[in-house]
Amino acid sequence: MSQEPKPRTYRVLIGKPGLDGHDRGAKVIARALRDAGFEVIYSGLHQTPEMLVRIALQEDVDCIGLSILSGAHNTLMPEIVRLLEAEGAGDIFVFGGGIIPENDIGPLKEAGVRAIFTPGTPTTEVIEYLREACANRYQ
Amino acid sequence: MNTTLTERILGGDVRSAGRLMRWVDDDLPEARHELAALYPHTGRAYLVGVTGNPGSGKSTLVNALVAHLRASGKTVGVVAVDPTSPFSGGAILGDRVRMQQHSLDRGVFIRSVATRGNLGGISRSTPAMVQVLDAMGFDVVIIETVGVGQDEVDIVRLADTNIVVTVPGLGDDVQAEKAGLMEIADIFVINKSDQTGADRLLRELRTMLHLRPRDAATEWTPPVLKTIAVRDEGIDTLLTNIEAHTSWLSAHGARHQRDRTRAQQFVRLIVTEALSHRLNHALASSDWQSTLDALLARTQNPHDAADALLNAILEPR
């Protein structure tokens with residue numbers, strides 16, 4: 001991405017893949033990111049990995065944040081990473097949050113998920129991480 | 001990469017189009033060359049503006065319209081505008097939530113845009129984003145404005161057909177009149193028309209439209225329609241009315257006039273921004289600080305100071 005001009009505003013897709021209908025966490029993080037100056041595209045509930053990747057391309061986001069509370073993170077998160085790579089968009093990074101057991105975090109990162117934020121993480125920590133990770137895309 | 005961004009966009013590459021839209025939104029110098037290369041390929045799409053009060057169901061209506069247009073074989077681009085927070089500069093763009101069913105359809109391209117401080121219901125970048133979708137070959141491009149409702153007139157100069165969406169229960173007919181929406185509508189839609197007061201609103205709007213002196217031979221009479229977008233009711237009729245308006249524009253040479261207005265408006269926007277850029281630059285100079293001192297000492301007057309500033313910013317570079 002080094003040849004790309006640096007954008008003025010970072011754009012983040014907050015997605016809710018899978019079947020759970022609990023989007024409080026997604027909305028809290030979307031709100032916190034907006035208040036930190038990000039443009040947040042919110043997908044709504046029940047998205048498939050294909051839908052989220054398609055949205056990410058149309059919206060030209062820097063990253064996709066996935067909120068999953070259904071337990072399907074081990075399937076859905078790596079699938080989105082894989083689909084992004086298949087579209088030649090592997091530079092769009094994926095991070096996640098929700099109910100993710102400690103033991104799953106290592107394998108998810110190995111599968112290409114950049115960061116996992118578990119319940120209780122202060123939103124300031126997420127914001128700081130994203131600012132740096134987004135800026136790094138244009139170094 | 002062997003191909004240019006423009007070539008990839010004309011070839012239908014979604015990511016390249018998404019990227020250029022971002023350059024446009026960020027006002028990056030890189031966008032200019034690409035937009036210039038795309039311009040000869042624009043002018044084919046039919047542009048529909050959807051505006052109206054916050055919460056009136058614009059996104060849901062757009063979603064239903066897209067479904068009907070797709071069923072008739074047309075490809076559709078959507079530019080959906082949401083407000084930027086004046087406090088942080090950030091935004092939550094949520095119009096897509098109501099348009100999920102079209103995410104996987106390759107004949108639909110939806111782009112969410114933040115106003116970034118621009119007034120008038122659309123972003124500064126919206127006209128150029130519409131051009132990108134137009135050049136990609138989408139048959140219809142729908143522009144959904146931010147839900148402001150009063151004085152939202154930028155869309156008028158951009159779209160071929162302007163739909164104004166309202167809902168029952170927002171106040172009396174005087175509200176509608178003063179909102180300035182009466183003047184801009186080519187089609188009125190009363191959405192959520194299963195709610196109390198829909199028929200009264202319908203009568204009031206029709207009466208108000210009839211009160212305005214209108215030459216039926218040269219002026220379009222805006223129809224007032226009822227829809228329940230979430231249940232897909234009234235959308236067929238809406239589409240028929242859009243088509244009727246399109247035919248009317250063509251028959252009266254008005255489509256051509258809207259093209260001219262649009263082109264002029266686009267150039268005006270570029271010039272206004274360049275001037276505003278130069279003005280800001282001039283106001284940051286030390287020359288200006290001394291003029292300001294002179295103004296405060298009353299040895300200079302504002303009009304002469306303005307003339308000097310104008311001459312300075314209009315100097316060729």
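Mentor: The bounds of domains are taken from an automatic or database domain assignment. This is a predicted model, in which local features need pLDDT of at least 70 and side-chain atom pairs count only at pLDDT 80 or more, while totals for chains, interfaces and linings use all residues. Residues are numbered from 1 along each chain as its sequence is written, chains are lettered from A and ligands numbered from 1 in the order in which they are written, and side-chain values use heavy atoms, with hydrogens and water left out.

Trainee: How far apart do the C-alpha centres of domain 2 of chain B and domain 3 of chain B lie?

Mentor: Chain B is divided into domain 1 (1-41), domain 2 (43-252) and domain 3 (267-314), and the C-alpha atoms of the chain fill a box of roughly 65 × 55 × 40 Å along the principal axes. Between the C-alpha centres of domain 2 of chain B and domain 3 of chain B, the separation is 39 Å.

Trainee: Which helix gives the most to the nonpolar patch?

Mentor: The patch covers about 420 Å² of surface and is made by B:Val267, B:Val271, B:Leu275, B:Leu310 and B:Leu314; patch residues have over 30% relative accessible area and no salt bridge, with like charges joined within 9 Å and nonpolar side chains (Val, Leu, Ile, Met, Phe, Trp, Tyr) within 5 Å, and the areas come from the Shrake-Rupley method with a 1.4 Å probe, only the protein chains shown counting as cover for residues. Two helices of chain B, α10 (254-283) and α12 (302-314), each supply at least two of the patch residues, where helices (H or I, at least four residues) and strands (E, at least two) are DSSP runs numbered from the N terminus. The greatest contribution, three residues, comes from α10(B).

Trainee: What is the relative accessibility of B:Leu275?

Mentor: B:Leu275 is found in helix α10 of chain B. Buried means under 20% relative accessible area and exposed over 50%, with partly exposed in between (1.4 Å probe, protein chains only). B:Leu275 counts as partly exposed because its relative accessibility is 34%.

Trainee: In β2(A), what is the bridge partner of A:Ile14?

Mentor: Strand β1 (residues 11-15) of chain A pairs with β2(A) in the parallel sense over four bridges, where pairing calls for at least two bridges found by DSSP. Both faces of strand β2 (residues 39-42) of chain A are covered, with A:Glu39 and A:Ile41 buried on one side and A:Val40 and A:Tyr42 buried on the other. Within β2(A), A:Ile14 has as its bridge partner A:Tyr42.

Trainee: With which residue does A:Glu39 form a salt bridge?

Mentor: A salt bridge is a side-chain nitrogen of Lys or Arg within 4 Å of a carboxyl oxygen of Asp or Glu, and in the pair formed by A:Glu39 and B:Arg116 the closest N and O atoms are 2.7 Å apart. A:Glu39 lies in strand β2 of chain A and B:Arg116 in the loop between β4 (108-114) and α5 (126-136) of chain B, so the pair joins two chains.

Trainee: At what N to O distance do the side chains of B:Arg111 and A:Glu59 meet?

Mentor: In the salt bridge between B:Arg111 and A:Glu59, the N to O distance is 3.9 Å. The pair crosses between chains, from strand β4 of chain B to helix α2 of chain A, and both B:Arg111 and A:Glu59 count as buried at 0% relative accessibility. A:Arg11, A:Glu39, A:Glu59, B:Asp25, B:Asp26, B:Arg96, B:Arg111 and B:Arg116 are linked in a network of salt bridges, and the distance asked for in this pair is 3.9 Å.

Trainee: What is the phi of B:Asp232?

Mentor: Most residues other than glycine have a negative phi. B:Asp232 lies in the loop between β8 (224-226) and α9 (235-251) of chain B, and is partly exposed at 40% relative accessibility. Although B:Asp232 is not a glycine, its phi is positive, at about 65°.
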